[in-house]
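Trainee: I have this model open and I'm new to it. Could you walk me through some parts of it?
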Amino acid sequence: MSDLLSRRDVMKSGGMIAVGLVAPRWLSSIAKADVLRQASGGKATGDTVLVVCQWSGGNDGLNTVVPYASHAYYKLRPMIGIPEDKVLKISNDVGFNPGLTGLADLYHQGKVAIIQNVGYPEPNRSHFKSMEIWQSASPESRLRYGWIGRHFDEQLSHHPLNPVVALGLSTEQPLALAGETSSIPCFASLADLRNMIGDTDSERMLREIQGADATAGSTTRAVQNASKSALDAVSVLQKQLAGYKSQSTYANDAFGNGFKQIAQLIATSPATRVVYFQAGGFDTHARQVETHQRLLQQFGNAVNVFQKEMEAIGKADKVVTLVFSEFGRRAQENASLGTDHGAAAPMFLIGSSVKGGLHGPIPDLDNLKEGDVAHTQDFREVYAATLDKWMGGDPQTVLGGSFTPVDVFKA
């Protein structure tokens, strides 16, 4: 605090203060957006909410949605294949990993859509590059920024948006949220937000460092107005969060803490339309079975509690969770009782408004592509459906081309 104040005092004589030097990153990023410079807290279009849950590390799809009826599966995985009697069966051919009891419960209620064999042409097995591809929705690196950021760029071309229309729960902004004109704030946790705005002195300081109002119509004045609008919006959000008392109990792990905070945001921030969250640990090159099952169990339990909380607060029909990982794993186990980087894997859409069930063919393990499950569904077709049917967006503009939306949302 004293350091910020001393820097402020040193710089104050210079008139408008360089926002990025003295303010938190989320505020400077909002202030830099051309359109959001003039944001006045306008309402977002629609009232649906998309939760994006990123499984970082490359999730093993074959041990998540297990093709237990396939002889090839057990031939490829004699040591780490999930025994048939442990699989949580959902059809005559496939079932969930035994850790996914929470997700299986939602599946049997018709609230989980499993999209099989999702990927893209010429898959890349680098964590960094493949995650960039998924988050930009541009395998050819043709499009700049992220797919969600571009969606809000397009929305901003029509009308102003609330500064908290989208939020990220992360220490750094994911590429998916980066836009040319839209700027989406990210917080490591809601405690971060409370620490920044919850203290009266801190909030007063953040407002004071904007300096005296500059000339009306100037770029400096526009930046000042954007900063103040952002502070107003986040201050309101902080007060709303403080007044919410959840009746649900989440586990104290990455998924439990993540979904608990997402539920708080959805319950208290009617302007928020997208929340982005990520959890790691899925890079299971060795001793996979126990680690992977534990991660899946944590996820399944957390999303089950989250769905019940959405039902309790009357938001179940308005919230959908999209789950993805940057790639699947190789079909064949390795010598370390794990799996190496692969290609296609299942995606999940979870909520009361999805068409639950299996979408797409069972992985063909007798016809692998260079040792990987071949993709039969382009991930951009899932994005197209989400943009068109759920987010009120323009898939062709956002994705830079025409992709047939997967039929996974209820009319």
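Trainee: At what angle do α11 and α12 pack?
Mentor: Helix α11 and helix α12, which covers residues 288–312, pack at an angle of about 20° with their axes 8 Å apart, where axes are lines fitted to C-alpha atoms, for helices over the stretch in contact, and angles run from 0 to 180 degrees between N-to-C directions. The two helices are therefore roughly parallel to each other, a label for angles under 35 degrees. This is a predicted model, in which local features need pLDDT of at least 70 and side-chain atom pairs count only at pLDDT 80 or more, while totals for chains, interfaces and linings use all residues. Residues are numbered from 1 along each chain as its sequence is written, and side-chain values use heavy atoms, with hydrogens and water left out.

Trainee: Which residues of α11 meet α12?
Mentor: From α11, Phe-255, Gly-256, Phe-259, Ile-262, Ala-263 and Ile-266 meet a set in α12 that includes Leu-295, Phe-299, Ala-302 and Phe-306; contact here means heavy atoms within 4.5 Å. An α-helix has 3.6 residues a turn, so residues three or four places apart point the same way.

Trainee: And how many residues of α11 are buried?
Mentor: Helix α11 is mostly covered, with 11 of its 15 residues buried, where buried means under 20% relative accessible area, exposed over 50%, and partly exposed in between, using a 1.4 Å probe and protein chains only. Among the buried ones are Gly-258, Gln-261, Gln-264, Leu-265 and Thr-268.

Trainee: What sits at the start of α11?
Mentor: There, a side-chain oxygen of Asp-253 reaches to within 3.2 Å of the backbone nitrogen of Phe-255.

Trainee: How far apart are the end C-alpha atoms of α11?
Mentor: They are 21 Å apart, which agrees with the 21 Å that its 15 residues, 254–268, should span at 1.5 Å a residue, because the expected span is 1.5 Å times one less than the number of residues.

Trainee: Changing topic, what does α5 pack against?
Mentor: The buried residues of helix α5 (residues 101–108) are Gly-102, Leu-103, Ala-104, Leu-106 and Tyr-107, and these pack against β3, β4, β5, α12, β10 and β11. After α5 comes Gly-110, with a positive phi near 80°.

Trainee: Which residue has a positive phi although it is not a glycine?
Mentor: Glu-122 is one of them, with a phi of about 50°. Most residues other than glycine have a negative phi. Glu-122 is placed in the loop between β5 and α6, and is exposed, with a relative accessible area of 67%. Leu-337 also has a positive phi, near 60°; this residue lies in the loop between β9 and β10 and is partly exposed at 37%.

Trainee: Is Asp-378 buried or exposed?
Mentor: Asp-378, in strand β12, counts as buried at 10% relative accessibility. Its side chain makes a polar contact with the side chain of Arg-380 at 2.8 Å, a polar contact being a pair of N or O atoms within 3.5 Å where, within protein, one must be able to donate a hydrogen and the other to accept it, and residues adjacent in sequence count only if both atoms are side-chain atoms. Leaving out residues up to four places away in sequence, Asp-378 touches Val-118, Gly-119, Tyr-120 and Pro-121.

Terms used
Helices (H or I, at least four residues) and strands (E, at least two) are DSSP runs, numbered from the N terminus. Angles under 35 degrees count as roughly parallel, over 145 as roughly antiparallel, 65 to 115 as roughly perpendicular and the rest as oblique.
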